[in-house]
Amino acid sequence: MPKLICLIVIWFLAISPTAQAAEKVTVFAAASLKTALDEIAEGYRDATGVEIVPVYAASSALARQIAYGAPADIFVSANTAWMDYLDREGVLADGTRQDLLGNQLGVIGWAGLPWDGFALDKLADTLGDEKISMALIDAVPAGIYGRQSLEALGLWSEIAPNVAQTDNVRAALALVATGAAPLGIVYTSDARAEPRVDLLNTLPAESHDPIRYPAAAIAGQERPETMAFLNYLTAAEALRIFERHGFLVAEF
């Protein structure tokens with residue numbers, strides 16, 4: 001009988017929420033991180049047995065969800081503004097925030113069209129009556145950066161009526177990849193992840209705010225598993241994967 005009781009206790013602990021939570025880390029991450037972070041999460045699980053559960057969306061949407069109590073352990077934003085928002089809300093674990101990555105913006109074109117001779121200053125002429133896809137220009141980091149750049153280059157007023165806005169940068173990428181829009185503005189790392197698009201030009205870094213991806217643990221979630229994975233994101237092995245997928249990993 002005692003043996004049976006022990007087995008029941010072990011079984012109960014194995015299926016209890018506390019035990020299950022100890023074996024996984026939920027990471028709310030900007031959509032542009034998907035390809036690289038999926039690879040990192042899979043390798044980390046294989047090496048440690050800890051399940052990494054990424055949740056991808058626009059940084060704006062994820063930050064608001066976390067502020068309302070969504071069960072995230074770690075947040076990785078595609079800009080500092082949405083991490084600042086959570087900091088003001090008192091949601092971040094003290095001392096865990098750090099700048100993780102950088103990126104670049106680029107103009108992409110559907111690979112099914114010829115793009116020889118594409119010139120950034122002729123963007124409006126090239127676009128004509130067609131659409132250019134961008135993430136939401138007032139909320140999503142890639143869209144915010146993109147609008148800043150086009151305004152600085154004196155191109156925004158001409159193309160603004162033709163902008164097709166999407167919920168996140170990967171959705172903007174998909175519009176071009178499927179041929180629904182001939183042109184788009186996304187991160188250069190996104191362009192590298194999608195063979196159905198061509199990277200036509202990069203936007204000057206000085207034409208928009210610096211692109212930074214800060215990462216932090218969420219207050220109350222500083223479990224050993226959480227902190228170990230957050231630290232792993234800055235380890236050489238993880239940074240090599242990010243760099244291979246087109247992110248900038250120089251120290252900031």
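**Exercises on helix H12 and the cores**

What covers the buried residues of H12 includes helix H3 (34-48), strand E4 (98-102) and helix H11 (224-232). Contact here means heavy atoms within 4.5 Å, and helices (H or I, at least four residues) and strands (E, at least two) are DSSP runs numbered from the N terminus. The model is predicted: local features need pLDDT of at least 70, side-chain atom pairs count only at pLDDT 80 or more, and totals for chains, interfaces and linings use all residues. Residues are numbered from 1 along each chain as its sequence is written, and side-chain values use heavy atoms, with hydrogens and water left out.

**Exercise 1.** Find the buried residues of helix H12 (residues 236-244).

Solution.
1. Buried means under 20% relative accessible area (1.4 Å probe, protein chains only).
2. In H12, Ala-238, Leu-239, Ile-241 and Phe-242 are buried.
3. They lie on the same side of H12 because they cover an arc of only 155° around the axis, taken from the directions from the helix axis to the C-beta atoms.
4. After H12 comes Gly-246, with a positive phi near 100°.

**Exercise 2.** Which residues have the most contacts inside the largest nonpolar core?

Solution.
1. A nonpolar core is a set of buried Ala, Val, Leu, Ile, Met, Phe, Trp, Tyr and Cys residues joined through side-chain atoms within 4.5 Å.
2. The largest has 65 residues, and Leu-33, Phe-229 and Phe-242 have the most contacts inside it.
3. Beyond its neighbours within four places in sequence, Phe-229 is in contact with residues including Val-27, Ile-52 and Ile-74.
4. Phe-28, Phe-75, Tyr-85 and Leu-92 are among the 15 residues of a second, separate core.

Methods: Buried < 20%, exposed > 50% of the residue type's maximum accessible area, 1.4 Å probe, protein only.
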